[in-house]
Amino acid sequence: MNEQRVLQNIEDWVRAELEYEKFLKRAVELAEDGLNSGNQPFGSLLVDRAGNILFEDHNRDNTENPTAHPELAISRWAARNLSEEERREAVVYTSGEHCPMCSTSHALVGLGKIVYVSSSAQLSEWLSELGVEPASYSVKSIQEMIPGADVEGPHEKFSQQVKALHERYHTKNKE
Ligand SMILES: [Zn+2]
């Protein structure tokens, strides 16, 4: 590989890495919007192959209904608005790993890669530290729900921010 080519590859890698961080940061911002609107702090966005944000949302579990998770909203939006190929190529960036309901919706709709900041295992650990009752359903990883899923996470660079949002939510709710 010549020098020019190596430099080009490094540039592409840095650009991809920056894009990546931009979307994870956006997922955390959306989680905070969720918190500020009275819901649990979870945020997710759907990005197409060219890097355009197609749809984004945050949890609305308290203000709408307990199943109003952003990842489920993404699956529904994608089913209505994208072709099979577009769905397969789209990437979901999310502040927290999908719950089993959202993983299932992701698989049913045939969406592509998932990149998450914090894992469900991390969340369970944080909630138990905060003295929150465990979930009333089995908490399973995306890979357990969707064998062969293309998944990346956790991303420790942002996970402390997500943890702080959950602490804010549960501390406020105890008062
Ligand atoms: Zn969910």
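**Figure 1. How much of the chain is buried.** Buried residues account for 36% of the 175 residues in the chain; a residue counts as buried if 20 or more other C-beta atoms lie within 10 Å of its own, exposed if 12 or fewer, and partly exposed in between, with C-beta atoms placed from the backbone. Keep in mind that this is a predicted model: local features need pLDDT of at least 70, side-chain atom pairs count only at pLDDT 80 or more, and totals for chains, interfaces and linings use all residues. Residues are numbered from 1 along each chain as its sequence is written.

**Figure 2. The whole chain at a glance.** You'll find seven helices and five strands here, and along the sequence they follow the pattern α-β-β-α-α-β-α-β-α-α-β-α. The radius of gyration is 17 Å, close to the 16 Å from the globule rule for 175 residues, so the chain is as compact as a globular protein of that length. That radius is taken over C-alpha atoms, and the rule is 2.2 Å times the number of residues to the power 0.38. Helices (H or I, at least four residues) and strands (E, at least two) are DSSP runs, numbered from the N terminus.

**Figure 3. The open sheet.** Five strands line up in the order S2-S1-S3-S4-S5, with mixed pairing. S2 and S5 (151–152) are the edge strands, each pairing on one side only. Two strands pair if DSSP finds at least two bridges between them.

Figure 4. S1 covers residues 43–47, and five of its five residues are buried. Gly43, Leu45 and Val47 point one way, while Ser44 and Leu46 point the other way.

**Figure 5. The hairpin of S1 and S2.** S2 (residues 53–58) runs antiparallel to S1, and five bridges join the two. Look for Leu45, whose bridge partner in S2 is Glu56. Five residues sit between the strands of this hairpin, and Gly51 in the turn has a positive phi of about 90°.

**Figure 6. S3 and its two partners.** S3 (residues 91–96) runs antiparallel to S1, joined by four bridges, and here Leu46 stands opposite Val92. S3 is also joined by four bridges to S4 (residues 114–118), but those two run parallel. Across that pairing, Thr94 stands opposite Tyr116.
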